[in-house]
Amino acid sequence: MECPHLMTSVFAAVEPARFPSGSPSSWCCSVCRSNKSTWMCLTCLSVHCGRYVNGHAKKHFEDVQCVATGQKRCENLEKARTQHSVCMDCSSYSTYCYRCDEFVVNDTKLGQVQKLREHLQSLENSNLNERKRKLLEISPLNSKLLKDDSGSPSLFATGLRNLGNTCFMNAILQSLSSLVEEFRKTLCSLWQGNQTAFSPDALFYVIWKVMPNFRGYQQHDAHEFLRYLLDHLHRELQGSNNGAFSTSAAQDRLSSDAKCCINGTCTVVTSVFSGMLQNEVNCLICGTESRKFDPFLDLSLDIPSQFRIKRSKDQDPGPTCTLRDCLCSFTDLEELDETELYMCHKCMKRQKSTKKFWIRKLPKVLCLHLKRFHWTAFLRNKVDTYVEFPVRGLDMSSYLLEPENTEKCLYDLAAVVVHHGSGVGSGHYTAYGCHKEQWYHFNDSTVTLTNEAAVVKAKAYILFYVQQIQTDSGSRETKSCSD
């Protein structure tokens, strides 16, 4: 938002001697010495922790208000009260005003905010380069550092700061980052331009504006956020034609398996994520068959009931649920119960019927959501069953209605979202992502190298698979990671 308090709050000049030593992301709160979520006051350059640590940044602002209010003879009371209200995040360099209680997007006439931001970025980069140089002197690139799978920090991946129960957003964004190559291929065919990077808080503020369901700092469902994000991005691209395949020439460039459009116009989102389902319903009385075609951006799969049985530690663990079990349950013939009677147009009444899903067309990126949360009475319980999933060579041909090209039915794992905890409104989300044949574990701002063995042990909530590509030589390129 446009903050009206910058002129009375931003007094700090870029004088290197006044700034703390070290990189801004490692600066500590001057009260509690915490280095988590630190903010710098743009009036006095003091550093304090954010409201989700110990709240000393906000208390610094509130203390000034008390002092200003007590100064009855102060001629510029309002000016004094607005001082110390604007602060800057020491990690993302975003600006926040406690008086407005909003993130700030404008600057002073002299551009003081941007000058401070650039100075902090310069301090961070110089310290980061120095740390990298020292680490590389100790351990070359081909040494243990890049091969370590025991949770050592990654030198070449950046995390996303938790803004207060925003791990659901971070996990989805970090998973999608592993699929950026698929987006790139489509984007390059549409326009050329510089890539723009968004800090998490700036993106989160935009999400608040366009998706009101996700306002506030309470925990949300990562899958629900993914659907809202993709749907809204798709609608935005349709409305602006910026990224929508609107011309006939552009449509001709698309392969047939990318034409599973939603609401009429293909976009980058649908060309990457969209597939097509065929829903068949058969009346058990007269045999009339009804067919419906539904585009999808992801498939939500039930974990079969026989695998949901809770067992004590001394009991036999029972059979392992596999991703194939979940896919078969999704596509198996199902008889609808009394509450879902089908309106048969031949019988002219609601009748018992069967239902079956087929996949008509597969997407380039197959997103599989495992239904881990179920309503029981007044509670939404979590199904904590482990589901075994393949890292490479997921074969979807047996679920296709007409598998014309079985080579396009093979998928490799690119990312996994995991929910830790017992309820959808609580717990924590992390993600695994593969980049250049190396697996990473994303836990908000912490990114660590890991390996395939650790990934396959995860109790997946959302799985992202990328379609294998047939090369000119006849071999297949895979997006998955080797051990």
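How many cavities of 30 Å³ or more does the count come to? The count comes to 1. The points below take that cavity and other features in turn.

1. **Basis.** This is a predicted model: local features need pLDDT of at least 70, side-chain atom pairs count only at pLDDT 80 or more, and totals for chains, interfaces and linings use all residues. Residues are numbered from 1 along each chain as its sequence is written, and side-chain values use heavy atoms, with hydrogens and water left out.

2. **Overall content.** The chain has 13 helices and 27 strands. Both are DSSP runs numbered from the N terminus: helices are H or I with at least four residues, strands are E with at least two. Of the 483 residues, 47% count as buried, that is, under 20% relative accessible area with a 1.4 Å probe and protein chains only.

3. **Contacts and surface.** Take contacts between residues at least 6 apart in sequence: 64% of them join residues at least 24 apart. A contact means heavy atoms within 4.5 Å. The chain exposes about 25,200 Å², and carbon and sulfur atoms supply 51% of that area. Accessible areas come from the Shrake-Rupley method with a 1.4 Å probe; for residues, only the protein chains shown count as cover.

4. The largest cavity has a volume of about 50 Å³. A cavity is a set of points, on a 1 Å grid over the protein atoms alone, where a 1.4 Å probe fits but cannot get out; lining residues have an atom within 4 Å of a point. Grid points are joined across faces, edges and corners, and a volume is the space filled by probe spheres set on the points. Among the lining residues are Trp39, His60, His84 and Tyr98.

5. **What surrounds the cavity.** Strand 1 (38-41), helix 2 (56-70) and strand 3 (86-89) each supply at least two lining residues. Strand 1 gives the largest share, 3 residues. By class, the cavity lining has 7 nonpolar, 4 polar and no charged residues. Here Ala, Val, Leu, Ile, Met, Phe, Trp, Tyr, Cys and Pro count as nonpolar, Asp, Glu, Lys and Arg as charged, and the others, Gly among them, as polar.

6. **A pocket.** The second largest pocket has a volume of about 610 Å³. A pocket is an open set of points with protein on both sides within 12 Å along at least five of seven lines. This pocket is lined by 23 residues; Phe307, Arg308, Ile309, Lys310 and Thr385 lie nearest its centre. Strand 17 (373-376) and strand 18 (379-382) each supply at least two lining residues. The pocket lining has 7 nonpolar, 9 polar and 7 charged residues.

7. An open sheet of 4 strands runs in the order 9-8-15-12, with antiparallel pairing. Strand 9 (289-296) and strand 12 (334-335) stand at the edges with a single partner strand each, so one side of each is left without a neighbour in the sheet. Strand 8 (275-283) and strand 15 (353-361) are joined by 8 bridges. Two strands pair if DSSP finds at least two bridges between them. Asn282 stands opposite Thr354 in strand 15.

8. **Two hairpins.** Strand 22 (428-435) pairs antiparallel with strand 23 (438-443) over 5 bridges. Their hairpin has 2 residues between the strands, and Lys436 in the turn has a positive phi of about 50°. Strand 23 also pairs antiparallel with strand 24 (446-450), over 5 bridges. That hairpin has 2 residues between its strands, with Asp444 at a positive phi near 55°. Phe442 in strand 23 is the bridge partner of Ala431. In strand 24, the bridge partner of Phe442 is Val447.

Technical notes
Buried means under 20% relative accessible area, exposed over 50%, partly exposed in between (1.4 Å probe, protein chains only).
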